[in-house]
Amino acid sequence: MTNYIGKAVKRVEDKRFITGKGRYTDDIVLPGMTHAYIVRSPYAHARILSVDTSAAEAMEGVVKVFTGKDIAESGINGIPTGWQVNFKNGDTMKEPPHPLLVSDKARYMGDAVAVVIAESREIARDAGDRVEVEYEELPAVADAKKATEAGAPLVHDDAPNNLCFDWELGNPKAEVNEAMSKAHHITTLEFVNQRVIPNAIEPRSAIGHFEESSDKYTLYTTSQNPHLTRLLMCAFVLGIPEHKVRVVAPDVGGGFGSKIFHYAEEALVIWCSQRLKRPVKWTADRSEAFMTDAHGRDHVSKAEMGFDQNGKIVGLRVKTYANLGAYLSTFAPCVPTWLHGTLLQGLYTTPKINVDVTGVFTHTVMVDAYRGAGRPEATYLLERLMDTAALEMKMDPVELRRKNFIPAFDGVTQPGYQTQVALQYDSGNYHGVLDRALEMVGYEKFRKEQEQARKDGKLLGIGFSTYIEACGIAPSAVVGALGARAGLYEVGQVRVQPTGKVSVYTGSHSHGQGHETTFAQVVADRLGIPMDDVEIIHGDSESVAFGMGTYGSRSLAVGGSAIVKSLDKIIEKGAKIAAHKLEASEEDLEFAEGKWTVKGTDKSVGFGDVALTAYVPHNYPAGLEPGLDFSSFYDPANFTYPFGAHVAIVEVDQETGKVRLKRFIAVDDVGNVINPMIVDGQIHGGLAQGIGQALLEGAVYDENGQLINGSYMDYTMPRADDLPSFEIDRQVTPCPHNPLGVKGAGEAGTIGSTPAVVNAVMDALSPFGIKNLEMPLTPERVWRAMNS
Amino acid sequence: MAKKIQVTVNGKAYSHDVDPRTLLVQYLRDVLGLTGTHVGCDTSNCGACTILVDGQAVKSCTLLAVQADGSEVKTIEGMADNGTLHPLQEGFREEHGLQCGFCTPGMIMASADLLERNPNPTEHEIREALEGNFCRCTGYHNIVKSVQYAAKKISKQEKVA
């Protein structure tokens, strides 16, 4: 009946999705609902000279048009950011206002200028076309490095050189320079880690519903993070009392980071609803999503890695320009700094590391966390450096890694590994994952095949990536010291009903991760009851006490641990009730298989019996409160550190430059696994996104700040026939500091895969003397490189 | 302005006056309340709105409702037979072919069309047939397995029959 942990239990949530009964935000229809259409700037940078709404407002079916002037006059605030990263000299970072609708200037293509509210979506859109906005187009800058150059157009007048912050981490530069000066060999690469667009298949949507009779607000929104959205929107933007606001994130069609953040449209539909006393729905169309969803990556870096004559790394120096977009999104400042710089130790014993990051405003949409967030960028630098260094030093890339790996440690009998860049790794066995991956590849055999293929004129390549990530985000005191303006604990409530059925409320949010299954497995196992007796509730601020949402592979490690804490309290209190019923002492009881048994006897009382007694406390322990319902906050002691080894095998078509990914092997160690089927699925999806960045995807802004590939016609999403079936396996090194021993699996695939693919293509192209190409490795780019 | 249409959706006959510019997907979602069919893009690329019109997979955002006049339409809500899941629905669940579920109805409908034309497709044929349907969650790996599961199950059922 029990023993669910570790089993590939089929997902509980699937039934509604496969029958078309999911309930996504845009599916929700409220009585009297109106529809919003947002008028957006077609220019990346323009002064707004006038906005004339009269023609739009005269149209039948139009309820109201609001402009940036209305927002400015209402006295509400703009969208805040949740993280502060200061300048090296201690000056506060630049944090320019981000109004819900702009009134003076548009600062990116898609900046919101006005909102039309109408009786139907179509009328709203038609009327939107009749809002007359007079713009004075101004010069724009979309590239982060160019934006810092003298004379570059300014995004915000009070941010000179478009600088938001500059920041560094690791050993002092002088120490790193000293180490590098003694290096036998230095590998230097300059990279663009291109901007990618998250592209959850469900576009963002929000419904604001103000009910005058109760003075209450409800926001339905496509969010990974409903409670934080409520807090930011109420306390920082609209100034409405938090207890009067309910935020519901119902079924959400994928997020990948892009739905973590509090967006202007969420506050806008609430603000409009409050004024119009009617529900207001806004749903992005895909073009709008391309323009206005926060994008990911967009770093320009120079990285240098020094080696001694034996191939041991002696130092690493990294300079990065990070594009933050026109305004600061919720986590934007922390992504290129604390989520990027801290990962530059990788799996290696590098003794001296310095990373220097400049955060830059540009006339582009906001950049924030996208699957992996900072860690893929760091891994890309390190792993491209490793394969390139191996090539330059004529070493095998596998041997070079082995020489530099941190030795295995379990974090229990052996201490964690203290890096040069602020983190302490929890547990790891890096040789193990690489050995297993090589076995799956058949490495020696492959090298022979490759040699033969080259003789036959075929371009076959193999690429490696051995990565680590810091996730299970995060210890509140640590992140607080690093600039976070929120705690990053999680909340888990376990309510045992009088009949012994169990309702679990989690502040985590599932938008594909399968919490309703995985969390139920944990609860059913711990309580020794059938999974059918457990219901997982998430995504509604009115039923779930509080939460910090789902991102940073934190759901199970942090959210699951909060539930376990509550389960422990349930079992502890249950034991008191059981002891009373059994007329035994608590110490003589053991809890297993859903019952408390007096040790060494067959006297026992079941979970359901104890639950009923807790709610019908007629014969009950003196002084004990009735009820069986506990809530817990879990604040992790450390980040968790999954790691793995990824190997790509590609063939490049010399005629066309097309890269065919022939095989992809991934061995990941994400700690203990509750549901292997779901973990595998997370890895698969992560791989596809990482491979997509390597070969297919990339946002393209022209010199005027126009997003020129903002549709599925132009932005190359990975399709079924772009990818092979993946070959994956797992190693298990438990996390030593959380009760489930889990590390997190959501981002691993994306972090590891990108450099493996690019390394493989570079290996295939090595006969041409090509060492570095920018992503995505499109046929054109590869063909040109081969033919230049 | 409005034009009368008659369509059969999931075996049920409907007659409505619709605005000529109403897309079939809007008709299904907004008029019939069949919200299992999703809208993921505005360029007919993503496939989230795929349904069957007279047995053929169609992206319902590429068709006006008036063009469906007189047609037989099947959506995800019509796939199960009296509570018994269609082998594709079962396959997607058994093989974990979905995560967020947003692309799933379109995937299932496009796969239904494939299996109708090609009851025993190879992996390559499945991947090619589904290239008009985006999934951002699964990397397609388990979607391929889901379709293979359904193909096997259907061929077994046919043998028994």
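Predicted model: local features only at pLDDT ≥ 70, side-chain atom pairs only at ≥ 80, totals over all residues.
Residues are numbered from 1 along each chain as its sequence is written, while chains are lettered from A and ligands numbered from 1 in the order in which they are written.

Helices and strands are DSSP runs numbered from the N terminus, with at least four residues of H or I for a helix and at least two of E for a strand. Strands of a sheet pair through backbone hydrogen bonds, either parallel or antiparallel. Here two strands pair if DSSP finds at least two bridges between them.

Chain A has an open sheet of five strands in the order 7-15-14-13-8, and its pairing is mixed. Its edges are strand 7 (163–170) and strand 8 (185–196) of chain A, each of which pairs on one side only. From one strand to the next the twist averages 10°. Inside this order, strand 14 (residues 313–325) and strand 15 (residues 353–361) of chain A run parallel and are joined by nine bridges. One place to look is A:Val318, whose bridge partner in strand 15 of chain A is A:Val355.

For their directions, axes are lines fitted to C-alpha atoms, for helices over the stretch in contact, and angles run from 0 to 180 degrees between N-to-C directions. Contact between two residues requires that their C-beta atoms, placed from the backbone, lie within 7 Å. Helix 6 (residues 173–181) of chain A lies across strand 8, strand 13 (296–307), strand 14 and strand 15 of chain A, and runs at about 130° to strand 14 of chain A. Helix 10 (residues 375–392) of chain A lies across strand 8, strand 13 and strand 14 of chain A, at about 140° to strand 8 of chain A.

Other strands of chain A pair as well. Strand 2 (residues 46–52) of chain A is antiparallel to strand 4 (residues 105–106) of chain A, with two bridges, and A:Ala46 has A:Ala106 as its bridge partner in strand 4 of chain A. Strand 2 of chain A also runs antiparallel to strand 6 (residues 132–137) of chain A, this time with six bridges; the partner of A:Val51 there is A:Val133.

Strand 10 (residues 216–221) of chain A likewise has two partners to follow. With strand 9 (residues 205–211) of chain A it pairs in the antiparallel sense over six bridges, and A:Ala206 stands opposite A:Thr221 of strand 10 of chain A. The hairpin of strand 9 and strand 10 of chain A has four residues between the strands, and A:Asp215 takes a positive phi near 60°. With strand 11 (residues 245–248) of chain A, strand 10 of chain A runs parallel over four bridges. A residue is buried if 20 or more other C-beta atoms lie within 10 Å of its own, exposed if 12 or fewer, and partly exposed in between, with C-beta atoms placed from the backbone. Strand 10 of chain A is mostly covered, as five of its six residues are buried.

A single residue shows how the count works. A:Ile38 sits in strand 1 (residues 34–40) of chain A, and counts as buried because it has 22 C-beta neighbours inside 10 Å. Leaving aside neighbours within four places in sequence, A:Ile38 is in contact with A:Ala112, A:Val115 and A:Trp282.

Chain B has five helices and five strands, in the pattern β-β-α-β-β-β-α-α-α-α along the sequence. Its radius of gyration, taken over C-alpha atoms, is 16 Å, close to the 15 Å that the globule rule gives for 161 residues, so chain B is as compact as a globular protein of that length. The globule rule is 2.2 Å times the number of residues to the power 0.38. Of the 161 residues of chain B, 57% count as buried.

The contact of the two chains takes 43 residues from chain B and 43 residues from chain A. On the side of chain B, the elements that give two or more residues are helix 2 (87–94), helix 3 (104–117), helix 4 (123–129) and helix 5 (141–160) of chain B.
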